[in-house]
Amino acid sequence: MSLIQRLSVLGMAAMAMGLVASHDYGEALTKSILFYEGQRSGKLPPTQRITWRKDSALRDGFEIGVDLVGGYYDAGDNVKFTFPMAFSITMLAWSVLEFGQSLGTDLQHSLKAIQWGTDYLLKATSIPGFVFAQVGDPYGDHNCWERPEDMDTPRTPYAVSKEFPGSEVSAEIAAALAASSMVFRPINRGYSARLLKRARMVFEFADKYRGSYNDSLGPWACPFYCDYSGYQDELVWGAAWLLRATKAPYYRNYVLANIQNLDKSSSFAEFGWDTKHAGINVLVSRLIKSQTPKPFITNADKFVCSVLPESPTVSVSYSPGGLLIKPGGSNLQHATALSFLLLVYSRPLSKDSRVIHCGNVVATPARLLQVARSQVDYILGSNPLNMSYMVGYGKKFPERIHHRGSSLLSITLHPQHIDCTGGATYFYTNNPNPNLLTGAVVGGPDIKDSYADSRADFAHSEPTTYINAPLVGLLAYFKSH
């Protein structure tokens, strides 16, 4: 993309932003956290605010004598995939650690969202030598269109172990527990200590018994949450969070000794449930500053240059309306995660009065904030379709999201069982979903800024827990700035 083309993207994005009034980041923040209550599995509390959802999967793990009730459904299906669930919790915790002071009344709901996840992660790691990586047969589940409350597909638990390791899922759990331990430290020291102790234990397990869960659980984890980037990045990521939580020299030394194991061919603009490279560099650049040379700062700078549209080394694409685009489905996960990193990294840049040089382009901290905000605004409606991609926010938003619970009549309205094939009528109808999954952010439009609003088009119409998690931090910041 030439500089003129890049500037054209920026100009069109600015025009699109002018079509919509300024956004209510506070409203969007509240709704982005509320979404997690619609994804809950297990026994719902009396304080449940998305009331069309009811108890579900109350016997998970019982067939093998383990309590695996609780946690989150990752997206529009009824399977519990621990790898993306743990990443979502890591990012929710990071959002609170960075921007908790801006959350206001939403802080308590954020803490409940995190604890709903960490309580489950404690259960999934309660048997030494085993980590439960998944509950539910994904093929049986995906062949049915059922409410989670009606599930009669196999709720098979899948675990990694010493003989069949899964370093990526185990280390991501360690990261989530370590990050969350810092969130709870000021308010519940006992729970915080329990999370940190388990984080250390699970990280040691991930490191000692190295291997990818692709090799043991591939037939069930793939292609849904196959690990394409290897497990080395999760090991460094987990150690980095343990370093932040403990300041222990062991984790500092671990990060420095293992950073060279990361895939050097990976783009600097990679960050999400699978690949942690950019997140590691942004996180560790603030934890290890005395190192010379400073590889984390250098690589974090390269990350910025790989994302800014005007940079000569940009490695992502932008739609004509200004949305950051990467290959594959569920694109808004990239827009939220990479924008979150830009926001977080802008803070030490501002503090140090430093700019980044991307060839002949100078990137200021204000520019990083501007790009991050442009992505948030696009999601909320500043785009060529004048459409919000958050359910329940704005005048126009997705109405036919790929989500079983949202698309089927609630238990309250239809108490009779809807079986595996009984939901097909609801899946294929053109009518809007009967239940509003407030705050859900869908996969988003394509590279031409078009959006079909079709349940069948799951790559674009399915919400996920890991799209929303970084968005919570972004919205908290922009609400108060």
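Biologist: Why is helix H2 described as largely enclosed by the rest of the structure?

Modeller: This is a predicted model, and in it 12 of the 14 residues of H2 are buried, so the helix is largely enclosed by the rest of the structure. A residue is called buried when its relative accessible area is under 20%. Among the buried residues of H2 are Tyr-25, Leu-29, Lys-31, Phe-35 and Glu-37, and what covers the buried residues includes H3, helix H4 (106-124), helix H14 (365-380) and H18.

Biologist: How do you know that the span of H2 agrees with its number of residues?

Modeller: At 1.5 Å a residue, the 14 residues of H2, which runs over residues 25-38, should span 20 Å, and its end C-alpha atoms are 21 Å apart, which agrees.

Biologist: Why are H3 and H18 called roughly parallel to each other?

Modeller: The axes of helix H3 (residues 82-99) and helix H18 (residues 465-480) come within 8 Å and cross at roughly 5°. Angles under 35 degrees count as roughly parallel, and H3 and H18 are therefore roughly parallel to each other. The contact is made by residues including Phe-87, Met-91 and Phe-99 of H3, together with Tyr-466, Val-472 and Tyr-477 of H18. By class, this contact of H3 with H18 has 11 nonpolar, four polar and no charged residues.

Biologist: Why does Asn-281 count as buried?

Modeller: Asn-281 has 7% relative accessibility, and the cut-off for buried is under 20%, so Asn-281 counts as buried. Asn-281 has its place in helix H11 (residues 277-285), and, not counting residues up to four places away in sequence, Asn-281 touches Phe-296, Asn-299 and Ala-300.

Biologist: What makes H11 a mostly covered helix?

Modeller: Nine of the nine residues of H11 are buried, and these buried residues pack against H3, helix H9 (232-246), helix H10 (249-258), helix H12 (295-307) and helix H13 (332-351).

Note on methods
Residues are numbered from 1 along each chain as its sequence is written. This is a predicted model: local features need pLDDT of at least 70, side-chain atom pairs count only at pLDDT 80 or more; totals for chains, interfaces and linings use all residues. Side-chain values use heavy atoms; hydrogens and water are left out. Axes are lines fitted to C-alpha atoms, for helices over the stretch in contact, and angles run from 0 to 180 degrees between N-to-C directions. Helices (H or I, at least four residues) and strands (E, at least two) are DSSP runs, numbered from the N terminus. Angles under 35 degrees count as roughly parallel, over 145 as roughly antiparallel, 65 to 115 as roughly perpendicular and the rest as oblique. Contact means heavy atoms within 4.5 Å. Ala, Val, Leu, Ile, Met, Phe, Trp, Tyr, Cys and Pro count as nonpolar, Asp, Glu, Lys and Arg as charged, and the others, Gly among them, as polar. Buried means under 20% relative accessible area, exposed over 50%, partly exposed in between (1.4 Å probe, protein chains only). The expected span of a helix is 1.5 Å times one less than its number of residues.
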